[in-house]
Amino acid sequence: MLLSACDSNEALSLSKKSIIYCSEGAPESFNPQTVTSGTTIDATANQLYNRLIEFNPIDNSIIPAIAKSWHVTRDGKMVTFYLRKDIQFHQTNYFSPTRALNADDVLFSFNRILDDTHLYHSVSGGKYPFFQNAQFVDLIDNIEKINDHTIRFQLSHPDSSFLANIGGNSSVILSKEYADNLITINAMQDIDILPIGTGPFKFKQYSSGAFIRYEPHAKYWRGKSELKQLVFDITPRDTGRLTKLLAGECDVIAYPIAHKKIQQHPNLTLESVTSFNVGYFGFNTRKPPFNNPLVRKAISFAINKQAILEAVYTGQAEIANGLIPNSSWAYDASIMSQEYSIPKARELLAQAGFGDGFVMDLWAMPVQRAYNPDAVTMAKLIQADLLKIGIKVDIVSDYEWSTFLRKVSEGEHQSVLLGWSADHPDPDNFFSTLLSCGSAITGSNRTFWCNNEFDQLIQRALQTNNINKRKVYYSKALKLINEEVPLIPIAHSKRYQARANHVKGTLLRAIGGIDFNGVTKN
Amino acid sequence: MLIFTLRRFNLFVFTMLLLTILSFSLSFLFPGDQLVNLTGQVNASPEQLAILSDKYQQNTNIVSQYFSYLTHLFHGEMGYSMTSHLPIATEILNRLPATIELTSVALLVAMFVGIPMGFCAAIYHRKVPDNLILTFAMIGYSIPIFWLGILAILVFSIQLGWLPSAGQISLLFEIEYVTGLQLIDILLSDSEYKWQAFQDATRHLILPVIVVALAPATIFVRLARSAMLEVLDTHYIKAANAKGLTFSQIIYRHAMRNAIIKVIRDVGLQFANLITIAMVTEVIFSWPGIGRWLIESIYQRDYTAIQGGLIVLSSFIFIVHIVTDFVYAALNPLAREPQHGA
């Protein structure tokens, strides 16, 4: 009798206006300042909070958010943000804001991180990994409130990636008023457990390890979401997520399996975004024979990237044409990946005087990373590829990860399979970290390649804020890498997501996980 | 009746004694510190441990340690979960109702489907309906539960998309916890989506209930069939027949009542079986019940939870058992007589 009343095709009216997202894990905290794990960022960063500035989801350029505009002085050492005046914090059953966001909140949010004597600094353990990686404590000399809606950061040295860091997932703005309230009721730890932010959704309920319930923030400054609820259904098993998607219990699922099945399904869509990372095959340019660019170039012709893509990444990646993925604004489509050509490789090798081949070692990282899910298999494929041009490869992979990293930064390797995941979408994050002369000294440049022309290009790119000029510099730098081949970029891995077709809007981002703002259902 | 009650009470006390001794000794048998296993205080400081050691009388002999454990148990203190750090009692109270709901609905379904089918088979003894029903009972009894559950999800959730595959209710509905029994809580709630929630919860119930109910239903078929055959063979039925009562009068007035009493007795016996099936089903259908929780605790080596879950689940089964015994005794005066050492 009851059952006859419920036709499964006829969606319930509540579910018509709500989205259930089946996520892969439980968040560690509700404050992205304190963590960098993807699961937590997905659940909190874009849903609950805003940053001073944010990234355009299409080309990852910087767009205004809490700061309606900003100004960087000519010497790059002073950055002033002008805040919007209409930004309201969440109204929940545990907090009712009495004022709109102002400079005090920004000051509070950053001082909590930077000032280790701040009342809130050690509330959740005192660890702010994103800011520690970006060396914010050294970079920021002082933060000054000019007036209620103007705030100025004084930097110790110019750094054009500063803005990208301010727009990073972790640089969210919290409510000072809420923090003060918590002090009076002696519940300071609640600040990261019962979150208050300015984002499109507000916190309603969290059942540990089971689900998170969000409601739309009625006074969201970009306009209230049309959804009635946003629920994160925490489903760690990938088969469980797939089942729930197919059975219509989830509208969107994270990291789906069985891509073909989803693609064939008429009501489901599989989407992917190329992550801001790169897996590469690097040479120690200080050690012979790799001090000879001809040898490096010869090898780059002999690597079958397509085969690696299918075997190691199971197709869940994109061939790397250059160091940076195509979702970066600095990507230059005219630069192509080196073709796969054994004769050309042989010819170059002969030119370099190694016509009979040689023996080399290849260090394969012993852990799994998104940018390289299986370095040992990749090493074996490369071994087979290079045997065709007479090079014998010994694979080194039996070190423990930290020892491996230490030995590689000390330059014990001849060649190495490694990778890099960007912290923020500024392209400099790839160039400076991986290939500059400075990083050859600090050890993050594992090729020890130090090219003055390249260094000048990336320096100039950092000194200007004009995107078009920077594009030109980076394009030249990419061409230089292709000529000199200090490393061979192999692949940019992709992040996948599946959704039911009735969910509309852009969800997936190259950096910063998912964003349900503006997502609708019909 | 008094003697009957006393006998049952006696049995209860002794079983509980054995159960608690088993559970208490588990804390010694599990790896790790016994006190930590017993209390679940994994991150306790030395001072806290000293206080706990005092509370559980760790410095005295094993017998008083056991009695101290019993005292805590009677106060509902079963320690803390090693993984969630919540009191075991809270964890169990949050989950037991879901299991009760699933098993009781399944039991009702099994009874209302199985018993009439069994009677039907007996009435058409050695005819086509009888054979058909027996075939169904045999197949249903032989199918492994986990396989049936996965198959049900594959067909009804994934292929046909008719019914949900996981959970008790869609997460969209916020139902306030009152009794823990979802359907009752929905009816008590004042949500504007009450009826949608009720429908949704019912749809979530269908597959797991069918899976849990299948095996007991087939047992009820066989029990009801043999009970009915036995009754139909008695002299009073023959006499009634001779007196010229119609067939339906015989069945409804005389045979059914007497046959059903024989089946009721076995309902209690089936309950332990039902809980075991429900535990597996809860895992397959992500049903937030105590069975799934207990199995997860085993995976996560949550020793405190295993001990607490064991005690609660077995005493629950035992209590149900005794209750059905009383119902049976109330219905059937013959059972109250002291027979051979009940």
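Two strands count as paired if DSSP finds at least two bridges between them, and that is the criterion to keep in mind while we look at this two-chain structure, which is a predicted model.

Two remarks on conventions before we start. Residues are numbered from 1 along each chain as its sequence is written, while chains are lettered from A and ligands numbered from 1 in the order in which they are written. Because this is a predicted model, local features need pLDDT of at least 70 and side-chain atom pairs count only at pLDDT 80 or more, whereas totals for chains, interfaces and linings use all residues.

Let me begin with chain A, which has 19 helices and 20 strands. Its radius of gyration is 25 Å, close to the 24 Å that the globule rule gives for 522 residues, so chain A is as compact as a globular protein of that length; the radius is taken over C-alpha atoms, and the rule is 2.2 Å times the number of residues to the power 0.38. Along the principal axes, the C-alpha atoms of chain A fill a box of roughly 75 × 65 × 40 Å. Of its 522 residues, 47% count as buried, where buried requires 20 or more other C-beta atoms within 10 Å of the residue's own, exposed means 12 or fewer, partly exposed lies in between, and the C-beta atoms are placed from the backbone.

The domain bounds come from an automatic or database domain assignment, and for chain A they give domain 1 (14–45 + 199–267 + 501–522), domain 2 (50–197) and domain 3 (277–495). The centres of domain 1 and domain 3 of chain A, taken over C-alpha atoms, are separated by 35 Å.

Now to the sheet. Chain A holds an open sheet of 4 strands in the order 4-5-7-6, with antiparallel pairing. Its edges are strand 4 (67–72) and strand 6 (140–147) of chain A, each of which pairs on one side only, and the twist averages 20° from one strand to the next. Axes here are lines fitted to C-alpha atoms, for helices over the stretch in contact, with angles from 0 to 180 degrees between N-to-C directions. Strand 6 of chain A is joined by 6 bridges to strand 7 (residues 150–155) of chain A, the two running antiparallel, and A:Ile140 stands opposite A:Leu155 in strand 7 of chain A. Helix 4 (residues 103–114) of chain A packs on this sheet, touching strand 5 (78–83), strand 6 and strand 7 of chain A, and its direction makes about 165° with that of strand 6 of chain A.

Chain B has 13 helices and 0 strands. Its C-alpha atoms fill a box of roughly 85 × 55 × 40 Å along the principal axes, and buried residues make up 37% of its 342 residues. The domain assignment gives domain 1 (9–74) and domain 2 (88–340) of chain B, with 34 Å between their centres, taken over C-alpha atoms.

How many residues of each domain of chain B are in contact? There are 13 from domain 1 of chain B and 10 from domain 2 of chain B, contact meaning that the C-beta atoms of two residues, placed from the backbone, lie within 7 Å. On the side of domain 1 of chain B that touches domain 2 of chain B, helix 1 (2–29) and helix 2 (34–39) of chain B each supply at least two residues, and helix 1 of chain B gives the most, with 8 residues.

B:Ala224 and B:Ala122 are 102 residues apart in sequence and 8.0 Å apart in space, C-alpha to C-alpha. Leaving aside neighbours within four places in sequence, the contacts of B:Ala224 include B:Gly114, B:Phe119 and B:Val263.

Finally, the contact between the chains takes 23 residues from chain A and 20 residues from chain B. The largest share of the side of chain A that touches chain B, 4 residues, comes from helix 9 of chain A.
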